[in-house]
Amino acid sequence: KMINPVQIITKDEYRMTFKGEFLINGFKNNVNIIACQKIEVQTLLRELMIRNRLKGKYFPKFYGCINETNNISIITEYIEGENLGLKKFLKAPDEVKIIIIKNLLKALLELHKQNIIYRDLKPSNVIIDKYYNVYFTTFLISKENDNLNTFKRGTIPYLSPEAFEENSEKLVLITDKADVWSFGCLVSYLFSGIIPWTNKFDINVNCENRIIQALSSKQEFPIP
């Protein structure tokens with residue numbers, strides 16, 4: 001058996017994802033190779049356990065992992081699709097956007113039925129294939145819905161009020177309702193083209209400061 005990376009798909013400070021070829025008995029199979037770096041062992045183990053237990057068409061099949069020197073690579077099913085964060089989806093007809101939203105809602109419902117909170121629902125973490133089917137690509141900060149307090153984690157413009165604290169090390173109770181908020185923010189972005197908490201006149205506005213001000217005002221939490 002041999003896995004060869006052939007194309008970089010995504011890259012950030014924590015991981016690099018490749019399209020790879022898995023050779024077995026002379027036949028090539030496409031896979032995703034997720035090379036993990038700078039990730040705590042406990043975080044990585046939690047992701048591996050979640051990937052291993054998730055079943056269903058919305059979650060790429062988990063094949064295993066490769067442990068090399070200072071580097072662990074996660075091997076999953078390769079999904080031929082595109083990132084929902086691409087501008088092309090903002091320009092898609094409303095009918096297409098509605099199909100995507102319905103499929104995304106089904107995927108989120110299935111995830112919650114399996115007692116998992118996604119915690120980082122945003123366009124760049126969703127893959128859409130040519131039939132507008134939806135797939136979740138990363139489970140780096142996902143967790144079981146175990147009613148235990150946890151640290152704030154996620155992407156600020158899509159973060160729910162209960163998940164947002166000025167002190168990032170303060171423990172807070174996160175439930176699957178946090179995903180519902182993020183889903184609403186994603187829908188807003190898909191139809192408006194504006195990242196939540198920013199505006200078309202200043203897309204570089206500091207979202208974190210704006211949310212802190214909203215929380216400090218002791219008023220009802222505003223809709224982005």
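Good morning. The largest pocket has a lining of 45 residues, and Arg15, Asp120, Thr138, Leu140 and Ile141 lie nearest its centre. On a 1 Å grid over the protein atoms alone, a pocket is an open set of points with protein on both sides within 12 Å along at least five of seven lines, a cavity is a set where a 1.4 Å probe fits but cannot get out, and lining residues have an atom within 4 Å of a point.

This is a predicted model, in which local features need pLDDT of at least 70 and side-chain atom pairs count only at pLDDT 80 or more, while totals for chains, interfaces and linings use all residues. Residues are numbered from 1 along each chain as its sequence is written, and side-chain values use heavy atoms, with hydrogens and water left out.

The space in the largest pocket is about 1400 Å³, a volume being the space filled by probe spheres set on grid points joined across faces, edges and corners. Strand 1 gives the most to this lining, with 5 residues; strands are DSSP runs of E of at least two residues, and helices are runs of H or I of at least four, numbered from the N terminus. The pocket lining comprises 13 nonpolar, 15 polar and 17 charged residues. Here Ala, Val, Leu, Ile, Met, Phe, Trp, Tyr, Cys and Pro count as nonpolar, Asp, Glu, Lys and Arg as charged, and the others, Gly among them, as polar.

Finally, the helix pair. The axes of helix 3 (residues 94-113) and helix 4 (residues 177-192) come within 11 Å and cross at roughly 165 degrees; axes are lines fitted to C-alpha atoms over the stretch in contact, with angles from 0 to 180 degrees between N-to-C directions. Helix 3 and helix 4 are therefore roughly antiparallel, a term for angles over 145 degrees.

How values were computed
Angles under 35 degrees count as roughly parallel, over 145 as roughly antiparallel, 65 to 115 as roughly perpendicular and the rest as oblique.
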